[in-house]
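Here is a friendly walk through one protein model, with the structure alongside for you to follow.

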Amino acid sequence: MKNLLFSPITIGNVNFKNRVFMSPMCQYSAQNGLVNQWHITHYLSRAIGGVGAIVIEATAVEPRGRITPFDLGLYNNEQKNAFLELINIIKKFSPDTKIGIQLAHAGRKGSKDKPWLGEKLLTKQENGYDTIAPSQIAFDENSSIPKQINKQELDFVKESFIKSAKMAKEAGFDFIELHMAHGYLLHEFLSPLSNQREDEYGGSLENRMRFPLEIAKSVREAIEIPLFVRISATDWAKDGWDLESSIEFSKQLKLLGVDLMDVSSGGLVPYAQIDSDFGYQTYFSYKIKHEADIFVSAVGLIVDAYQAEHILSSKQADIVVMGRALLSDPYWCLHAAKVLNVDIDWPQQYLRAKHI
């Protein structure tokens, strides 16, 4: 049987050497939104380790869009130039690894401290900031009540996404992913649990999809490189966003020229009842792939080479996106290829270890 995990795939106008992508995972290690030595080491090691693509962690399109003051940002030239340096370093040592960036806005889940410091709400004296959302509904009792975003601010956020996307292209990114999952701003518009507006951006499914679709359309028109969208396929909560809505949303995004749906779930409400197990979200990616007829990636507790290959061979997804497995093992791809008896390129400096 033909191996799929380490076979190439073309998405949009970009060829990827294999189908293992590194998931965007926040490092909460930036100052003033800038890439630093930690990020260079973190991402370069996974590129050397053989992934087909890296999706740089959630990167804010404006200062209020950060989850924490320590998030990456892409809203000024200093940040763009730092990303340019990161990409040049990765491409120098791993030229066939494609590099994307996840553009994001935290919405009501912003102004928090680092997770390992308790994620407490930060005051202005602690470099905290005001948050915005579709409606004045806090994420939980430890979060601020966000300001309901008005039409002028909607236009500003849209322009911020467009500006960041253009800077990402100028910095040399191969593709862009829009973050519309995990309870952040664009997901907040989609879900009736967080969007209780009474204007054209709230109420019906069509209205709740309106602003995220406007963002996708504007970014698609601004850049010619592949465009991905990460969604939460379900809120895992009664009366929330669900799979049927995600399928319809994916169809609309495909019509706008989105190339791939990155299918995750949850994150909108703290009381979600998530039935998590190995590969627990692949049913969602399978349904979206076949009902919306679009490329999809599967993510969520994918840890084993045989498991990853099965997801692709059974047509549950076109790409597997690895998160915690790659945090644990930067060289997961090199090891997985050996397990599957597939010969892939190793860094020449590591060749002496290839056949042990």
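## Cysteines

Cys26 is partly exposed, at a relative accessible area of 23%; buried here means under 20% relative accessible area, exposed over 50%, and partly exposed in between, using a 1.4 Å probe and protein chains only. Cys333, by contrast, is buried, at 0%. How many disulfides does a search of the whole structure find? The search finds zero, where a disulfide would be a pair of cysteine sulfur atoms within 2.5 Å.

A word on what you are looking at: this is a predicted model, in which local features need pLDDT of at least 70 and side-chain atom pairs count only at pLDDT 80 or more, while totals for chains, interfaces and linings use all residues. Residues are numbered from 1 along each chain as its sequence is written, and side-chain values use heavy atoms, with hydrogens and water left out.

## Aromatic rings

Searching the whole structure gives 13 aromatic pairs. Rings of Phe, Tyr and Trp (its six-membered ring) pair if their centres lie within 6.5 Å, and planes under 30 degrees apart count as stacked, over 60 as edge-to-face and the rest as tilted. One of the pairs is Phe189 with Phe211, which is tilted, with 4.9 Å between the centres and 50° between the planes. Phe189 belongs to helix H4 (residues 185-190) and Phe211 to helix H5 (residues 205-222), so this pair ties together parts that are 22 residues apart in sequence. Phe189 is buried at 0% relative accessibility, and Phe211 is buried with a relative accessible area of 0%.

Trp236 and Tyr280 form another tilted pair, 6.5 Å centre to centre with 40° between the planes. This pair links distant parts of the chain, 44 residues apart: Trp236 is in the loop between strand E10 (227-232) and helix H6 (243-255), and Tyr280 in the loop between strand E11 (260-264) and helix H7 (282-292). Trp236 counts as buried, at 19% relative accessibility. Elsewhere, ring pairs join Phe16, Phe21, Phe175 and Phe228 into a cluster.

## Helix H1

Helix H1 covers residues 37-48; its 12 residues reach 16 Å from first C-alpha to last, close to the 16 Å expected at 1.5 Å a residue. The expected span is 1.5 Å times one less than the number of residues. Helices (H or I, at least four residues) and strands (E, at least two) are DSSP runs, numbered from the N terminus.

At the N-terminal end, Asn36 caps H1 with a side-chain oxygen 2.9 Å from the backbone nitrogen of Trp38. Among the buried residues of H1 are His39, Ile40, Tyr43 and Leu44. What do the buried residues of H1 pack against? Their partners are strands E3 (20-22), E4 (53-60) and E5 (72-73), together with helices H2 (77-93) and H9 (324-328). After H1 comes Gly50, with a positive phi near 105°.

## Two glycines

Gly33 sits in the loop between E3 and H1 and is buried at 1% relative accessibility. Leaving aside neighbours within four places in sequence, Gly33 is in contact (heavy atoms within 4.5 Å) with Asp71, Leu72, Gly73 and Gln79.

Gly52 is found in the loop between H1 and E4, buried at 0% relative accessibility. With neighbours within four places in sequence again left aside, the contacts of Gly52 include Phe16, Val20, Phe21 and Asp96.

Conventions. Polar contact = N/O pair within 3.5 Å; in protein donor to acceptor, adjacent residues only side chain to side chain.
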